[in-house]
Amino acid sequence: MNHELNTTAARVVVIGGGVVGCSVLYHLAKAGWTDVVLIERDELTSGSSWHAAGSLFSLTTPANASILQKYAIDLYAELGNESGQDCGYNKTGELWLALSEEEVKALKVIRSQGRRNGIFAEFVTPREAKEMSPILSDSGLAAVLYEPDAGFIDPSGVTHAFAKAARKLGAKILRHTPVTATVPAGNGEWDVVTDKGSIRAEFVVNAAGLWAREVAAMAGIELPLLPVEHHYMVTESIAELVALERKIPSLSFSEANVYARQEGNGLLLGAYERKCVHWAENGTPQDFGHELLPNDLERMEENLAQAIERIPCLEATGIKRVLNGPMIFSPDLGPLLGPHPSLRNYYCATGVMTGFNQGPGIGKVLAEWIVEGEPSLDVSFWDVARFGSWANKAYTKARTAYFYEHRSDRIYPNQDFAAGRPLRETPVHESLKQEGAVFAEYDGFEDPVYFARNAAERTPRYSFERANWFDAVGEEARAVRDSVGLFDFSTFAKYLVTGPRAQAWLDHVFANRIPSGIGKMALMPMLSPQGRIAGDFTLSRLDDTRFLLIGAGAMQRIYMRWFGEFLPASGVVVENVSGKYAGLHIAGPEARSLLAEVADADVGNEALPFLSAREMPLADTNDAIVARVSFTGELGYEMYIPWDRQLRVFDALREAGKAFGLRLAGSHALMSLRLEKSFPSWGLDLASDYYPDESGIARFIATDKGEFIGREAFCEQLARGPREKIATFIIDADGADAFSGEPVYCNGELAGYVTSGGYGYRVGKSLALGYLSAEFCGKEKDFEVELLGNKRPARLSDVPVYDPEGARMKA
């Protein structure tokens, strides 16, 4: 053991020697950055990696998580050869069991979604499943899905394989070297201080696993993470397994919250107990390493009883050992990944629940992020910046407990979860609640999704078919089309860009031409250096040096991080004013008449034309900003009002709206209305996976305005042509609409996939947006969309199915 460091500088220092840290190190070295160092306080795999079950599967959501888990399985087949270290990779396949018809639907959905990513799981009969796994009881099985490429690995073997492969490429690993401090050194560099000396690093990666909170605190940040206890057991030998000359497929029994795989001639059986127990809530002990926690098998009794019904031999099989070890989770059980929004060159790779499923993909995209400036896939669903300061300890505890206890529950379209809520409410929350609003969480806020018309509708009944709010949402959507609807728009992100260099900065960061006249407005794509879509905004020019940007609310910390990368030392200020301004939106043919009743200004078509914005008094509020734009496709106005005055404007609109048939509306109605207009939505149809010419927003990019971020790469992509193109589908549905990930077929061949879907109440049709491979675009073809395992006829619509000319929103 060295008593002093043999290196004092590195491009990257990775803190943590579990599978995630070793994967990050390997992928950095593989990308050509060999001046990289991993520092581990103890031995490699100390913490959670050494006692992991090591199960592998690819069927999951969202799509890019599935892609990354498939990448892990593909990589393990080669990593052993590259490193000389056996990974213990066993490709056994996995059987997903369903006892109920609802679970069968869930398996049909996940099977369909997997096809988009080249994961071809198939249903087998219960008898075929029993032949594949003789220990399985097929009694009462409604369906079994077989994922052939699933399996398991040896956790220690994989971790050391990454480490050995990284060392072969030139990376260094320092064991028994606790980090005691991380200190900003200026110019974005860091001094990583250990008990043996310091290393100056260009980048730091916190991959400290159970100690991620402590390492984060050294940098002055707090991560929403909490450890929980998790049991699994390993049985004695099972005669049926001894008799086989092969390993049986792994088993996933969601309705019991149980998973199992073969271990020697016995079974490894794990359970997500119905009572989550947190561990080390106030900090992970520094001397914890290869220890386990005291067993509490009573917590597994319910899971085990259900497992015995399905695997009867367990009742007579002895238990060889029981493991109860800690794992550390974020509020949604997803990793915290990427550059921390409040620190320069400080990356996170923490809170990884299934480290051997996700660790290789995390290492890949994090290395791309550091080396190339952006990952090759959109991973905003794992971005550390998806949680704001509102994700406090109480919220983290409530959410980790809920999602642990319900780890294997099927999740329905539009499903939301009550745990840890409410956190944040807008000023009109109580008024909306009194009118029957049903809320879902969005970026920590209570966001109204629909308005219940009776007591039965106040409790959402989630379904893979049309839910119990279907008719209520239809009434809201039709009211917007026929008269006027009122939405709470407070959750949109709002930024003020000010200063003498504000326009020049905006011109550099955004791809469209900056509005030249005061009060003008434009749709404003933002590109990455590689020419992909990085953001989608509206920009309003308030005066010569002041601009208002509006974008997706959940992306605001990600965008502030992005803006900060390109800000000059002086001359421009970007302020996130999302917490200062609430929002309201009115839309419908009576919207102008309604606005005129509460605005002390001319709101006629000449004074406030389409795509314009003005500051004006509203209901005795002197500093509101009104923008004429609408995501519904109707005449509409967005109003941004100081937070403490939203209720005043809301009440004035409600009172004046009585004469115009005003109806409160929620986000479900908004999503239906925008589908009828083929308007893509950020996070569903628009993401950093796509280029502008693929997603239909290339027309908002002004390549002739001069240089801007991503211009050269975008022009090169235009010359190459799109890989795929966004499309609108009209589906012959039968009580179930598309929602996301469904495959699209053309003459039996996989042609594309759905990114969002629902019902268009005005046109009376089931609609979806999605992407078609370029070879299937531009010709008359017969398409099908797979809904709940059934291929339903679909046709393309080259124009929006409602008001294709856009006359109504420009009226």
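Author: Let's start with strand β1 (residues 9-15), which runs parallel to strand β11 (residues 197-206) and is joined to it by 6 bridges. Two strands count as paired if DSSP finds at least two bridges between them; strands are DSSP runs of E with at least two residues, helices are runs of H or I with at least four, and both are numbered from the N terminus. What you have here is a predicted model, where local features need pLDDT of at least 70, side-chain atom pairs need 80 or more, and totals for chains, interfaces and linings use all residues. Numbering starts from 1 along each chain as its sequence is written, and side-chain values use heavy atoms, leaving out hydrogens and water.

Back to β11, and V13 is a handy place to look: its bridge partner in β11 is V204. Now follow V204 to strand β18 (residues 346-350), where its bridge partner is Y346. β11 and β18 are parallel too, with 3 bridges between them. Strand β10 (residues 189-194) does things another way, pairing with β11 in the antiparallel sense over 5 bridges. A hairpin of 2 residues takes you from β10 into β11, and T194 sits opposite G197 of β11.

Next, have a look at M327, which belongs to strand β16 (residues 319-329). Is M327 buried or exposed? M327 is buried, at a relative accessible area of 14%; the cut-offs are under 20% for buried, over 50% for exposed and partly exposed in between, using a 1.4 Å probe and protein chains only. M327 is in contact (heavy atoms within 4.5 Å) with several residues beyond four places away in sequence, among them S48, L210, H230 and M353.

Now for some helices. The axes of helix α2 (residues 63-83) and helix α9 (residues 355-372) come within 7 Å and cross at roughly 95°. An axis is a line fitted to C-alpha atoms, for helices over the stretch in contact, and angles run from 0 to 180 degrees between N-to-C directions. α2 and α9 are therefore roughly perpendicular to each other; under 35 degrees is roughly parallel, over 145 roughly antiparallel, 65 to 115 roughly perpendicular and the rest oblique. Where they meet, α2 brings residues including L68, Y71 and L75, while α9 brings residues including F356, P360 and V365. The residues of this contact divide into 8 nonpolar, 4 polar and 1 charged.

Further along, helix α15 (residues 591-598) and helix α16 (residues 646-657) have axes that come within 9 Å and cross at roughly 120°. That makes α15 oblique to α16. L594, E597 and V598 of α15 meet A652, L653, A656 and G657 of α16.

There's also an open sheet to trace: 6 strands with mixed pairing, in the order β28-β29-β30-β27-β21-β31. β28 (613-618) and β31 (662-664) are at the edges with a single partner strand each, so one side of each has no neighbour in the sheet. On average, and ignoring direction, neighbouring strands of this sheet are turned by 30° against each other. Helix α12 (residues 470-482) lies across β21 (484-488), β27 (581-587) and β31, and makes an angle of about 140° with β31.

α12 also leads us to helix α17 (residues 667-676), whose buried residues pack against α12, β20 (445-451), β21, β34 (749-760) and β35 (765-773). Of the 10 residues of α17, 9 are buried, so this helix is largely enclosed by the rest of the structure. After α17 comes S678, which has a positive phi near 60°.

Last stop: strand β36 (residues 783-787), where 4 of the 5 residues are buried. β36 pairs in the antiparallel sense with strand β33 (residues 743-746) over 3 bridges, and with strand β37 (residues 790-797), also antiparallel, over 5 bridges. C746 stands opposite F783, while E784 has P793 of β37 as its bridge partner. The hairpin of β36 and β37 has 2 residues between the strands, and there L788 takes a positive phi near 50°.

Key. Nonpolar A, V, L, I, M, F, W, Y, C, P; charged D, E, K, R; others polar.
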